[in-house]
Amino acid sequence: MASHTILRPTSIGDLGSIKTWGLEGLSSTKFSFDTKTTTATVLTVILSLLVLEQVVYRTKKAHLPGAKWTIPIIGKFADSLNPTLANYLAQWNSGPLSAVSVFNIFIVIGSSNEMARKILNSPNHAEPCLVQSAKTVLSPDNWVFLHGKVHADYRKALNVLFTKQALGMYLPIQERIYREYFNNWLADKREHTEYMMPMRDLNMETSLSVFLGPYVTAAQKQEINDKYWLITIALELVNFPFAIPGTKVYNAVQARKLVMKYLMAASAASKIKMADPDNEPACLLDGWTRAMQSARQAKDDGEETKLLSREYSDREIGMVLLSFLFASQDAMSSAIVYSFQLTADHPEVLAKIREEQYRIRGNDLDRPLTLDMVDDMVYTRAVIKEVLRYRPAVIMGSMVIPAFWNSLHDETCYPEPDRFLPERWLPNEDGSAPIADSKPQNYLVWGSGPHKCIGGQYASMHLAATLGTASVLMDWHHDVTPLSEEVQVIAAIFPKDHCRLKFTARAPPS
């Protein structure tokens, strides 16, 4: 017989130990089996989703130029960590339409003039939205995201804010701020300093003073200025799209909520002040409020009267002001920075601006600016048009993205497009129109279609007045660095070295 051993417990404790050992062994074996099964299942699901992601991307992309495969989950998000104009140019030049994917958001880019205009003129098919996070940051019910008649009615009602009479009211406010800031820049005795952010401060102070006038204090202006920068950097062309605490989008949403409190309070205060007919409008908000109150008292039933007589809530008015501040803050700051940098780099251009400004002002540097004087700034306004063509502040917009760069660098209407040449906007010697004006559809600086920038005329006046006033009060020198011609893409574009300048006072004309 084969020998064998019988295990006999010598106590109840021993029996318990044997029983427990058996259960633990079985549990461990089962746990090991379940873990492997679960892990295999999870990995299978993940791999399947990643394969599906690639299949969906390839199906949507079809024949369009673009990467053959998308980086799993994040797509082109990594490009936002160091966005470069060179990368964008490579994408735009790959074809009239091309595709990218960011966090599984499929984006089509139209880089030719024809495609860009089709996108801009088709708001029912393309979102009028700079980036994916824009609705979250600026609020989905903001008027800029509306379509059709509702959006058109808003625009018609807001046109009253950009009439000749309204622009004439804004100009003295603007000029006062220019001179204050220029005096501060002249008082800075340091050598070349980065002026990107000081120029943004000038622009933000101008916007807040023109739009809100006496309804925000100096401390509130500074707080809005700081908070709006959080909004700007959250609207980079490629960004993490979800408002998770700690992200740029989350910080921007919190900033918007705070800014809206000030804007709604300003709206309520303006309604009270403008109800007294003896009080004259002192800012854009007052002008709008007075126009709405007057329309409600009017006897006619014209379209403008009907549109203006609508009772806009403080939130609706605040949303309009929020969008105006955004549009004027980043794009105009970019344009101001490049205006100073490019004129410093082209002293012959700055000399012509000065010659024109002295003539228009009658050599009187204290003479207040008027709209007629701005209209006479033919060369200065040509310089501004060239700045905006050469370095368009906004290079793309909406989620089916129209890219503006190629349209503004089309050599068929802008010969030598990579040269800064303001003369391209002046009439020819025989009096004929310049070739740059031969294709106005290419000049997409202000967009096109139903969402075209409503404040383009105000912005042009602002830029011409800023540069013109600076030219007769100051000299400035640009410290050219290896990064001066490199472009930093935020919501708008800026020189990567943030524009290093040195200002000195200029002697008045003899």
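**A first look at this predicted model**

At 46% relative accessibility, K118 counts as partly exposed. The protein has 510 residues, and 49% of them count as buried. Its secondary structure comes to 17 helices and 8 strands.

**Overall picture**

- Among contacts with a separation of 6 or more, 71% are between residues 24 or more positions apart.
- The accessible surface of the protein is about 24,400 Å², and carbon and sulfur atoms make up 59% of this area.

**The nonpolar core**

- The largest nonpolar core holds 139 residues, and W185, F324, F340, M474, W476 and F503 have the most contacts inside it.
- Helix α12, residues 314-345, supplies the largest share of this core, with 17 residues.
- Leaving aside residues up to four places away in sequence, W476 touches a set of residues that includes F340, L350, R354, L467 and F503.

**Salt bridges**

- The model has 21 salt bridges in total.
- K118 takes part in one of them, with E114 as its partner and the closest N and O atoms 3.5 Å apart.
- E114 and K118 are 4 residues apart in helix α3 (residues 113-120), which means that about one helical turn separates them.
- With a relative accessibility of 51%, E114 counts as exposed.
- D475 forms a salt bridge with R354, where the closest N and O atoms are 2.7 Å apart.
- This pair links distant parts of the chain, since D475 is in strand β5 (residues 474-478) and R354 is in helix α13 (residues 347-360), 121 residues apart.
- D475 also forms a salt bridge with R506, with 3.0 Å between the closest N and O atoms.
- Because D475 lies in strand β5 and R506 in the segment after β8 (500-505), the pair ties together parts that are 31 residues apart in sequence.

**Strands β1 and β2**

- Strand β1 (residues 97-102) has 5 of its 6 residues buried, so the rest of the structure largely encloses it.
- Strands β1 and β2 (residues 105-110) run antiparallel and are joined by 6 bridges.
- S98 stands opposite I109 in β2.

**A buried asparagine**

- N225 sits in helix α8, which covers residues 218-234.
- With a relative accessible area of 6%, N225 is buried.
- The side chains of N225 and D201 make a polar contact at 3.1 Å.
- Not counting residues up to four places away in sequence, N225 touches R200, D201 and M204.

Terms used
Residues numbered from 1 in each chain as written. Predicted model: local features only at pLDDT ≥ 70, side-chain atom pairs only at ≥ 80, totals over all residues. Heavy atoms only, no water. Helix = DSSP H or I, 4+ residues; strand = E, 2+ residues; numbered from the N terminus. Buried < 20%, exposed > 50% of the residue type's maximum accessible area, 1.4 Å probe, protein only. Polar contact = N/O pair within 3.5 Å; in protein donor to acceptor, adjacent residues only side chain to side chain. Contact = heavy atoms within 4.5 Å. Core = buried A, V, L, I, M, F, W, Y, C linked by side-chain atoms within 4.5 Å. Pairing = 2+ DSSP bridges. Areas by Shrake-Rupley, 256 points an atom, 1.4 Å probe, with all protein chains shown as cover. Salt bridge = Lys/Arg side-chain N within 4 Å of Asp/Glu carboxyl O.
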